[in-house]
Amino acid sequence: MITIIAGIVMLGILVFVHELGHFCVAKWCGVKVLKFSLGFGPKLYSKQRGETEYLICAVPLGGYVQMLGEGNGEQGEGAALTPEEEQRSFARQTVGRRMAIVAAGPVMNLALPFLILPLAYLIGVNLPAYLDQPPCIGHVIAGSEGEHHGFQRGDCLQSIGGTPVATWEAIGPSLINHAGGPLPVVVVRGGEQVTLTLPADHGALEGLQAIGLMPRQEAVIGSLAPNMPAATAGLQPGDLILAIGDQPVTSWYDLRTLIQKIGAQPVPVQVQRAGQSVTLTLTPRQAETGGDYLIGIAPQHATTFKRFGPVAAIQAGADRTMELIELTLVFLRKLFAGAVSTSNIGGPITVVQIAGQAAQTDVSSILSVLAFLSIQLGILNLLPIPILDGGHLFFACFELIFRRPLSLKAREIAQQVGLMLLVMLMILAFYNDIVRIFSS
């Protein structure tokens, strides 16, 4: 419940920033704003201030700014307007002003990361420690796509699609830039270069972990489940597991195989604690009849805390914002070209989950996720789909080029087609969200 509420609040912030862009530029142009709403559907809260009604509505998946002379309605372009209203009508503004008002929402979403990411870097960010490390594979999940295509534990990636990769952090952009065709991956194995090939549908856009290739992970305990064998035996967070029985443990990924072999038998576990070796005895417990044997531990994910000075924070924030914008545009290009599967599209459920999980961590993580989602929202709204801001900009460009607006009939048809496309996109996104929930 906390995740859902926190996610909705973060989504509300993004919608507010977007609509605030439309609102401020409309006011600056002298257009009369009738309503400023966060959400759709039934009113939960309404307050009239001056000539504008401010609303919070029941469905928190968007919002809108309703201006005089925008569309049909009581005070729309089909109604009789006084000379004063005529001057303040959205429909009677110059093409340039209308384009500025429409573009202001997405522009605000794209500008927001330039403001908040430097703040995140100034506060300090916790980054997974492995991102700065050489991309050496610590484990290959059995039966995974990575195993199927010949990757092995200990392989160190040297290049992806001909692009050198020096760290794990460089892998994500390389995978996206080279999506859509067979992907040659050069690894160093035993001192020699080996070239492996991933097919066009490798599904690695979410990172190499998505195809079963995991970074090195020491067997350090991060947390323990209460009333489970590890906690009962006296293991503690921070313990480095050295051996189980007579089998040495060199990686977190060794544990599952060893525990399944032991079964429900008492076994000595040797750990390193505060520089000393400690041996404890535990008995794995079967989760259910025929299920896996468990001891109730989770790994410690090492992080690196980085804090930047004011100038460096501004530079890092701007660089990261441009990188996210570029990656999003590359992803969309690959998606429309058919090089990326539509299963990568996420909907409101995924957005709320991502935002909600970030909201329960630290301020820097919240700002980072907020920036990422703001970029997605801004670019999505610039797509030339008639019902979105990008569609209205397309109509305005037509008017600017041909010196006349698109006919009302043509606009109505385009709006209907745009609505149908948007509904289909939302159905696909919701379907992907539901599949992810059940598959996880």
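**A loop residue and a pocket**

Visitor: Where does Q217 lie?
Guide: This is a predicted model. The strands to look for are β9 (213-215) and β10 (221-224). Q217 lies in the loop between β9 and β10.

Visitor: Is Q217 buried or exposed?
Guide: The cut-off for buried is under 20% relative accessible area. Q217 has 15% relative accessibility, so it counts as buried.

Visitor: Which backbone oxygen does the side chain of Q217 reach?
Guide: Leaving aside neighbours within four places in sequence, Q217 is in contact with S251, W252, Y253, P299, Q300 and H301. One of these contact residues, Q300, also takes part through its backbone. At 3.0 Å from the side chain of Q217 is the backbone oxygen of Q300.

Visitor: Which residues lie nearest the centre of the second largest pocket?
Guide: The volume of the second largest pocket is about 550 Å³. Its lining has 19 residues, and Q217 is among those nearest the centre.

Visitor: How many residues of each class are in the lining of the second largest pocket?
Guide: β3 (125-128) and β9 each supply at least two residues of this lining. By class, the lining of the second largest pocket has two charged, six polar and eleven nonpolar residues.

**Other loop residues**

Visitor: What is the relative accessible area of V220, and is V220 buried or exposed?
Guide: V220 is found in the loop between β9 and β10. Not counting residues up to four places away in sequence, V220 touches G238, D239, L240, W252, A298, P299 and Q300. V220 is buried, with a relative accessible area of 11%.

Visitor: What distance separates the C-alpha atoms of V220 and I241?
Guide: V220 and I241 are 21 residues apart along the chain. Their C-alpha atoms are separated by 6.3 Å.

Visitor: Which residue has its backbone oxygen 2.7 Å from a polar atom of the side chain of S144?
Guide: S144 is in the loop between β4 (137-140) and α4 (145-148). Its relative accessibility is 12%, so S144 counts as buried. Beyond four places in sequence, S144 touches I211 and G212. The backbone oxygen at 2.7 Å belongs to I141.

Visitor: What separates the C-alpha atoms of G181 and L198?
Guide: G181 sits in the loop between α5 (171-177) and β7 (183-189). G181 is buried, with a relative accessible area of 16%. G181 and L198 are 17 residues apart along the chain, and the separation of their C-alpha atoms is 8.7 Å.

**Helices and positive phi**

Visitor: What span should helix α10 have, and how far apart are its end C-alpha atoms?
Guide: Helix α10 has 19 residues, 363-381. Its buried residues include L367, V369, L370, A371 and L373. At 1.5 Å a residue, α10 should span 27 Å, and this agrees with its end C-alpha atoms, which are 27 Å apart.

Visitor: Which residues of α11 are buried?
Guide: Helix α11 has 14 residues, 389-402, and should span 20 Å at 1.5 Å a residue; its end C-alpha atoms are 20 Å apart, which agrees. The buried residues of α11 are D389, G390, G391, L393, F395, A396, F398 and E399.

Visitor: What phi does N227 have?
Guide: N227 is placed in the loop between β10 and α6 (229-233). N227 is exposed, with a relative accessible area of 64%. Although N227 is not a glycine, it has a positive phi of about 60 degrees.

**The protein overall**

Visitor: How many of the contacts between residues at least 6 apart in sequence join residues at least 24 apart?
Guide: The protein has twelve helices and 18 strands. Its C-alpha trace spans about 90 × 50 × 45 Å along the principal axes. Of its 440 residues, 40% count as buried. Among contacts between residues at least 6 apart in sequence, the share joining residues at least 24 apart is 62%.

Conventions
Residues numbered from 1 in each chain as written. Predicted model: local features only at pLDDT ≥ 70, side-chain atom pairs only at ≥ 80, totals over all residues. Heavy atoms only, no water. Helix = DSSP H or I, 4+ residues; strand = E, 2+ residues; numbered from the N terminus. Buried < 20%, exposed > 50% of the residue type's maximum accessible area, 1.4 Å probe, protein only. Polar contact = N/O pair within 3.5 Å; in protein donor to acceptor, adjacent residues only side chain to side chain. Contact = heavy atoms within 4.5 Å. 1 Å grid on protein atoms, 1.4 Å probe; cavity = no way out; pocket = protein on both sides within 12 Å on 5 of 7 lines; lining within 4 Å. Points joined across faces, edges and corners; volume = space filled by probe spheres on them. Nonpolar A, V, L, I, M, F, W, Y, C, P; charged D, E, K, R; others polar. Expected span 1.5 Å × (residues − 1).
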